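Subject: Structure handover

Dear colleague,

I am passing on the structure that we discussed, together with notes on what was found in it. Please keep the structure open while you read.

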Amino acid sequence: MNESLLRELVPAVIGVLVRRGADFASAEDAVQEALIRALESWADDPPRDAKGWLVAVAWRKFLDAARAETSRRGRELAVEVEPPSGSVAGVDESLWLYFLCAHPSLSPSSAVALTLRAVGGLTTRQIATAYLVPESTMAQRISRAKRRLAGVPLDRPGDPATVLRVLYLVFNEGYSGDLDLAAEAIRLTRQLAAATDEPEVAGLLALMLLHHARRASRTGPGGRLIPLAEQDRSRWDTRLITEGVMILQAALARDRLGEYQAQAAIAALHADAPSTAETDWVQIVEWYDELLQLTGSPVVRLNRAVAVGEADGPQAGLAELQKVDPGLPRYAAVRAYLLERAGDLERAAELYVEAADAATSVAERAHLTREAARVREMR
């Protein structure tokens, strides 16, 4: 079966599932799984009615996922309402499910993807965006992880580091995306921090609290995105900031630095500054240096270029940006910002438009479009 024909059928099949009552994201995920099944089986025995086959398989996938979600919520509700027995502390089944999905038989990346999809509530597209990979690639990864665990006894919890990674990604999606998952990620991370003496768990909790403290100021009327430099800092939650800083200081005192502690240190410096101009950008660059050594992440290198631009001027930031892959998401937006500060308004406006075209959310696209218009007016 021709793959291009399969792609042409996708919108129609999604439309059928939506008309039957599925939400668009769930329908899209179900169709992706049906496509994987088709690519595996059609080469030997293609159906006569390709669209009908895809609709039937995708609808079954949707129903299976819906039943699984209903069962999961039922189990969580049962745990919440069941009274504790004796002196044994209550156990949150959600956190335990995170550990079970991070099974030792899976690679860390597959375990994270599966947990985000099966327990975290994220769609395949959201997970793919977080991992900077095509949605089809992520769909295949999740499908392989499911097949790998089929028939495997889930009696061995997975790696805590993998669970931390999942909680981090769930929080980020709840903090910046369409689903409100941030509070749930904080709740589970608090439980994990109470149960372990690991500094990185405390570092992750501190990072979440410091970012969550700014949530009320991040958007304006109609969901308008407000960048850090323009946020009303009087709306930041000082209680959460104080708690986050105290947790971070205790973790750093252990002298076992990890990536979440380094990120939390950067967030704390932002939280401590009265304004963007008064931020200790030099120290932020130093923390990005630590973070880059720990992770080697291209996203960290991109963010570091912004910090260098603030600390040493836009030309220095642009020089650092040359070390970053131009294909990285947000690259165009960062380059536009630095070029604007360097005085190249024409090229900055062009790049803001380019960044808006590549934006993955409506709010971000609208913000970058406004930036392009603002810079054009300055020329």
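Predicted model: local features only at pLDDT ≥ 70, side-chain atom pairs only at ≥ 80, totals over all residues.

Residues are numbered from 1 along each chain as its sequence is written, and side-chain values use heavy atoms, with hydrogens and water left out.

In α15, which spans residues 314-321, the buried residues are P314, G317, L318, E320 and L321; buried means under 20% relative accessible area with a 1.4 Å probe, protein chains only. These residues lie on the same side of α15 because they cover an arc of only 160° around the axis, the arc being that of the directions from the helix axis to the C-beta atoms. An α-helix has 3.6 residues a turn, so residues three or four places apart point the same way.

**One buried alanine**

A58 belongs to helix α3 (residues 50-81) and is buried, with a relative accessible area of 0%. Leaving aside residues up to four places away in sequence, A58 touches V13, L17, A30, V31 and A34, where contact means heavy atoms within 4.5 Å. A58 and A27 are 31 residues apart in sequence, yet their C-alpha atoms are 7.6 Å apart in space.

**Nonpolar cores**

The largest nonpolar core has 70 residues, and those with the most contacts inside it are Y98, L116, L167, V170 and L204. A second, separate core has 25 residues, among them Y331, L345, A355 and A356. Such a core is a set of buried Ala, Val, Leu, Ile, Met, Phe, Trp, Tyr and Cys residues joined through side-chain atoms within 4.5 Å.

**The cavity**

How many cavities of 30 Å³ or more does a search of the whole structure find? The search finds one, a cavity being a set of points on a 1 Å grid over the protein atoms alone where a 1.4 Å probe fits but cannot get out, with lining residues having an atom within 4 Å of a point. The largest cavity holds about 60 Å³ of space, and its lining consists of D29, E33, R117, T124, A139, I142 and K146. The largest share of this lining, three residues, comes from α7.

With best wishes

Methods: Buried < 20%, exposed > 50% of the residue type's maximum accessible area, 1.4 Å probe, protein only. Helix = DSSP H or I, 4+ residues; strand = E, 2+ residues; numbered from the N terminus. 1 Å grid on protein atoms, 1.4 Å probe; cavity = no way out; pocket = protein on both sides within 12 Å on 5 of 7 lines; lining within 4 Å. Points joined across faces, edges and corners; volume = space filled by probe spheres on them.
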